[in-house]
Amino acid sequence: MKLKKNVPLIDQHDKYGFWGGKFGGSFIPETLKKPIEDLTIKFEKLRKNKKFIKKRDFYFQNYVGSPTSFVKLENLSSHLGGAQIWAKVVSEANGGAHKIYNATVHALICKAMGKKYIVGDTGAGYAGKMLSMAAKKFGLKCKIFMGAKDIQRQKPNCDAMRKNGAVIVPVYSGSQTLVDAVSECMRYWVSNCDNTHMCVGSTVGPNIFVKICGWSTAQISRELKSQLIEEFKKMPKIIKLINCVGGGSSAYGFWSEFIDYNKKQIELIGVEAGGPKNSKLHAAPLSRNAKIGILHGAASYVCQNNEGQIHETESISAGLDYPGVSPIHCFLKDTKRARYTFATDEEALNAYKLVTKFEKLNPSLEPSHAFAEAIKIAPKLSKETICIVNSCGDAKKDRDILKARLGKY
Amino acid sequence: MNNSLIHQTFKITKSENRPALLTYTVAGDNTKKKSLEILKSISKYADICELGFPHNTPIADGGQIQTSAYRAIKNGIKINDVFLIAAKFKKLKKDKPIILMGYYNMIYQYNENKFIKKCQKSKVDGLIVVDLPFPENKTFAKKCKKKNINFIQLISPTTSKTRLKQIIKNSHDMIYYISMLSTTGGKLKVSPKKILEEYSKIKKQNLSKNVVIGFGITEKTIKSLKKADGLVVGSAICKEITNSIKKRQNTVTNVTNVVKRLKNKIK
């Protein structure tokens with residue numbers, strides 16, 4: 001298994017859609033074959049279309065608000081000693097998280113395909129909120145599938161979705177979290193694929209959804225690359241790009257421009273959700289050695305039992321609370337280009353406390369997992385090392401959880 | 001595979017001028033023992049029995065079958081129990097075809113070759129894998145054929161014409177036509193006339209293939225689709241199991257009565 005140079009990672013799959021010969025693919029019911037084929041053809045056309053690219057860039061700039069800032073966390077760095085800690089503040093994007101890139105592109109594709117309805121899944125509620133925003137912006141009718149448990153714990157985002165005119169469909173099956181929301185959304189699409197476009201909220205699902213999402217979030221690393229050159233005049237010698245990984249859309253977006261670099265120069269570190277310290281449950285298939293399985297139309301490392309039943313997961317962060325992970329991250333793991341680890345709920349909370357104490361930054365619980373790793377490794381690293389954390393979400397949505405766990409928000 | 005039990009069964013139902021009745025129940029719903037009893041009892045009226053091996057993330061199933069699957073998993077069904085139920089059933093009813101149906105991850109975790117071998121050993125006649133479409137299923141289907149197991153291809157209203165031809169060419173004795181854009185158990189939202197028109201298009205490609213129609217078939221709708229080679233009823237049966245449990249009534253009797261009534265409507 002080998003990575004190719006000068007080819008975007010999202011395009012490094014075989015004709016059946018597998019990365020590294022075994023991750024990804026399209027394990028879908030027959031009914032979805034045609035809509036997925038149509039979508040694939042359309043997307044491949046659109047991404048080569050200069051007018052479409054112009055449109056995308058226009059909305060990224062004027063609607064999403066590109067570029068998001070790249071800042072040094074001076075206080076945190078001097079408190080920890082060691083490496084410099086920087087943040088790419090993606091949470092400045094319209095809506096407060098990276099999910100807006102994928103949502104905007106899907107809404108544009110939906111329009112281009114002449115469909116009036118758009119549906120999507122959501123865990124933390126960001127994918128749903130952003131899709132509802134984009135739907136409103138582009139005049140589409142929107143339905144969001146969300147686990148009943150997540151609806152309760154991510155109320156601020158639900159309020160936003162409703163305000164944008166989206167219908168939230170609560171999902172009561174299984175563990176009532178993201179995994180069930182994705183299943184239910186796919187079922188809905190099976191029944192309504194003739195007039196409805198589906199947006200998968202992360203770089204997961206059948207091959208084409210991994211590609212569209214990765215193509216959208218890649219904006220983050222395009223910005224970062226030029227910001228790095230601008231700041232340091234040339235690419236620094238040692239960089240660590242630290243990102244949380246649930247499905248893996250923000251991590252791919254953060255890394256895509258840097259994958260071709262030598263890993264000694266630019267190390268890619270993915271941080272999964274380790275769950276509560278004393279719980280056996282987690283949402284960390286990559287770093288806790290789950291087996292390969294098929295979930296939601298793609299083969300990836302999946303938290304499951306010997307029989308292939310998908311395990312329940314547990315994490316304080318709804319956005320990372322997912323038993324599978326993007327096939328492209330499985331590929332990056334097996335080719336050893338990226339390193340994956342996890343942070344527990346407690347470590348993420350502590351990281352949140354520390355970051356907010358020292359900096360004017362309010363990272364949600366998802367990037368707090370990434371900060372936990374940065375805080376762990378920075379003191380041991382040299383001053384020349386540039387640790388960059390993708391602060392991909394804003395903690396506003398977590399205020400109830402933070403209040404309950406830390407006593408204040 | 002013209003000597004397969006599945007093919008023979010269609011020969012008989014055709015000579016009787018009626019469609020084959022195919023039932024779908026979930027193995028282990030609501031217990032291992034009960035599901036075998038149900039299977040034995042309904043096979044008096046059903047021509048072919050589909051037995052689901054339940055998965056907890058079923059992306060193409062509606063509420064009724066999901067409920068049955070969760071119930072079976074909760075009551076401890078394991079894949080080897082599914083084979084055991086199939087084998088026990090076949091011991092008693094060796095002329096009744098049994099088709100296992102489920103999602104690919106279960107087969108993948110068990111190991112494809114081992115799974116097919118186990119099917120053969122348990123005298124399973126056919127396999128339906130919901131999320132392993134053509135052409136990705138070509139190798140697997142070939143392996144099945146080698147062991148005399150029918151791999152059943154699915155066709156849906158969205159299947160394109162060229163694809164349709166390829167799928168039929170690569171199919172074995174039976175093809176499953178999904179009546180409409182829906183998960184299992186949806187309300188029949190397409191007219192029977194339209195469904196039969198699409199069905200004829202498939203038949204025309206190769207008359208020797210047995211084509212069954214499934215999704216949305218209930219006591220109310222079954223008669224209108226009687227022209228097909230076979231009709232599959234799943235969710236309506238699973239629903240009856242759920243209702244019987246709720247009312248604390250005998251699931252075996254109640255489900256058998258449903259199947260009996262279904263059969264009477266297409267005789």
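A: Helices (H or I, at least four residues) and strands (E, at least two) are DSSP runs, numbered from the N terminus. This is a predicted model, where local features need pLDDT of at least 70, side-chain atom pairs need 80 or more, and totals for chains, interfaces and linings use all residues. Residues count from 1 along each chain as its sequence is written, chains are lettered from A and ligands numbered from 1 in the order written.

Start with strand S5 of chain A. This strand covers residues 117–122. Of its 6 residues, 5 are buried (20 or more other C-beta atoms within 10 Å of a residue's own; exposed is 12 or fewer, partly exposed in between; C-beta atoms are placed from the backbone). That is why S5(A) is largely enclosed by the rest of the structure.

Which strands pair with S5(A)? Strands pair if DSSP finds at least two bridges between them. One partner is strand S6 of chain A, residues 141–147. S5(A) and S6(A) pair in the parallel sense, over 6 bridges. Here Thr122(A) stands opposite Met146(A) of S6(A). Another partner is strand S8 of chain A, residues 196–199. This pairing is also parallel, over 4 bridges.

S5(A), helix H5 of chain A (residues 126–138) and S6(A) make a β-α-β unit. The unit is right-handed (strands pointing away from the viewer, the path from the first strand over the helix to the second runs clockwise).

Now step back to the domains of chain A. Domain 1 takes in 27–60 + 98–214, and domain 2 takes in 66–96 + 218–406 (bounds from an automatic or database assignment). Their centres, taken over C-alpha atoms, are 23 Å apart. How many residues are in contact between the domains? Domain 1 of chain A brings 35 residues, and domain 2 of chain A brings 39 (contact: C-beta atoms, placed from the backbone, within 7 Å). On the domain 1 side, at least two residues each come from H4, H5, H6, H7, H8 and H9 of chain A. H8(A), residues 178–192, gives the largest share, 5 residues.

Look at helix H9 of chain A, residues 207–217. In H9(A), 11 of the 11 residues are buried, so this helix is largely enclosed by the rest of the structure. Among them are Phe209(A), Lys211(A) and Trp215(A).

For contrast, visit a loop. Lys336(A) sits between helix H12 (327–334) and strand S13 (338–343) of chain A. Its phi is positive, about 65°, although Lys336(A) is not a glycine. Lys336(A) counts as exposed because it has 10 C-beta neighbours inside 10 Å.

Chain A also touches chain B. There, 30 residues of chain B are in contact with 31 residues of chain A. Helix H3 (63–74), helix H5 (104–110) and strand S6 (153–155) of chain B each give two or more residues to the chain B side. H5(B) supplies the largest share of that side, 5 residues.

Chain B has loop details of its own. A cis peptide bond, omega near 0°, runs from Phe134(B) to Pro135(B). Pro135(B) lies in the loop between strand S4 (126–129) and helix H7 (138–146) of chain B. Another cis peptide bond links Asp29(B) to Asn30(B), with omega about -5°. Asn30(B) is in the loop between strand S1 (20–26) and helix H2 (32–42) of chain B.

Notes. Contact = placed C-beta atoms within 7 Å.
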